[in-house]
Amino acid sequence: MGIIKAMSKPNIENLISGYKEQASKLKNNNDYQNLVKYGQDPKTLIVSCCDSRVDPALLFKCGFGDIFVLRTIANIVPKYNKSPNCATAAALQFVLTKLNIDDIIILGHSCCAGIAALCNLGNKKPQNNVESWLAQIRNEKQESLLQYPKMIKSDIDKKALNTALQSRENLQSYPWVAAAVKQQKLQLHAWFIEIEAMQLYAYEDDTNEFKVFS
């Protein structure tokens, strides 16, 4: 049903009617009401792209309260800076000081328009907000993978793999993340979805490769 609704491209009226239907169920749902009463306690933060095809809750069949989600263009996590207005820093500080997060997953994906724009940007001066966001990661040294998965053919998708890995590395520039990792309270992951075949990959430090989940 959810896929059919997505394919029909719901307008405002559809969204409102869908909310009313869902809200009537949740008012009498014990699990949801416990979340309201006692608060959320997710164990995983997923940093995903804003792309409408890769909603983490839908992809991983999660319920309310299961995951905390931060969505950015091209699932980029820039290096930490002390700007008080950085949404990424605020989200990371919140989950690591207010919630008991055990894992952070950077979730990249194929056919990413943000990564395509990053490739097209090159060394040109950013001309808008999107390009300024992408420019934060374009000149960072990205680790060379041992090899790319056989299914990953395009340069854009290869760049997406590298960018997901770079974002995982950048996580450790945030003081709350670095402290939790040092204390072995937190693990960092880089995952990638090839959306045509719906194949999920995970980066393995030991082999320096993205490998298919078995």
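These are my notebook entries on a predicted model.

**Entry 1**

I began with strand 4, residues 187-194. Is this strand mostly covered or mostly open? It is mostly covered, with 6 of its 8 residues buried. I then looked up the pairing. One pair I noted is D103 with its bridge partner Q187 in strand 4. Strand 5 (residues 199-204) runs antiparallel to strand 4, with 4 bridges between them. Here W191 stands opposite A202 of strand 5. Strands 4 and 5 make a hairpin with 4 residues between them. I checked the turn and found M198 there, with a positive phi of about 55°.

**Entry 2: helix 5**

Next I listed the buried residues of helix 5 (residues 87-97): T88, A89, A91, L92, V95 and L96. Where do they sit around the helix axis? They fall within an arc of 165°, so they line one face of helix 5. An α-helix has 3.6 residues a turn, so residues three or four places apart point the same way. I also looked up what this buried set packs against. The strands are strand 1 (44-49), strand 2 (67-72) and strand 3. The helices are helix 7 (129-138), helix 8 and helix 9 (175-182).

**Entry 3: S167 in helix 8**

S167 belongs to helix 8, residues 155-171. Its relative accessibility is 0%, so I put S167 down as buried. Which residues does S167 contact, leaving aside neighbours within four places in sequence? I found N75, I76, V77, I106 and I137.

**Entry 4: salt bridges**

I counted 7 salt bridges. Side chains of opposite charge can pair when their charged atoms come close.

D51 bridges to R53, with the closest N and O atoms 2.6 Å apart. D51 is buried because its relative accessible area is 14%, under the 20% cut-off. R53, at 44%, is partly exposed.

D55 and R71 meet through their side chains at 3.7 Å, N to O. This pair links distant parts of the chain, 16 residues apart. D55 is in the loop between strand 1 and helix 4 (56-59), while R71 is in strand 2. Both ends are partly exposed: D55 has a relative accessible area of 25%, and R71 is at 30%.

R168 pairs with D205, the closest N and O atoms being 2.7 Å apart. R168 sits in helix 8 and D205 in the loop between strand 5 and strand 6 (209-212), so the bridge ties together parts 37 residues apart in sequence. R168 is at 14% relative accessibility and counts as buried.

I also noted a salt-bridge network that links E204, E209 and K211.

**Entry 5: nonpolar residues at the surface**

I looked for nonpolar side chains on the surface. I12, L15 and I16 form a patch there, with about 290 Å² of accessible area together. I16 lies in helix 2, residues 12-26. At 44% relative accessibility, I16 is partly exposed.

L146 was my last stop. It lies in the loop between helix 7 and helix 8. Is L146 buried or exposed? At 59% relative accessibility, L146 is exposed. Not counting residues up to four places away in sequence, L146 touches T207, N208 and E209. I also checked its distance from K125, which is 21 residues away along the chain. The C-alpha atoms of L146 and K125 are separated by 32 Å.

Terms used:
Residues are numbered from 1 along each chain as its sequence is written. This is a predicted model: local features need pLDDT of at least 70, side-chain atom pairs count only at pLDDT 80 or more; totals for chains, interfaces and linings use all residues. Side-chain values use heavy atoms; hydrogens and water are left out. Patches are made of residues with over 30% relative accessible area and no salt bridge: like charges are joined within 9 Å, nonpolar side chains (Val, Leu, Ile, Met, Phe, Trp, Tyr) within 5 Å. Accessible areas come from the Shrake-Rupley method with a 1.4 Å probe; for residues, only the protein chains shown count as cover. A salt bridge is a side-chain nitrogen of Lys or Arg within 4 Å of a carboxyl oxygen of Asp or Glu. Helices (H or I, at least four residues) and strands (E, at least two) are DSSP runs, numbered from the N terminus. Buried means under 20% relative accessible area, exposed over 50%, partly exposed in between (1.4 Å probe, protein chains only). Two strands pair if DSSP finds at least two bridges between them. Contact means heavy atoms within 4.5 Å. The arc is that of the directions from the helix axis to the C-beta atoms.
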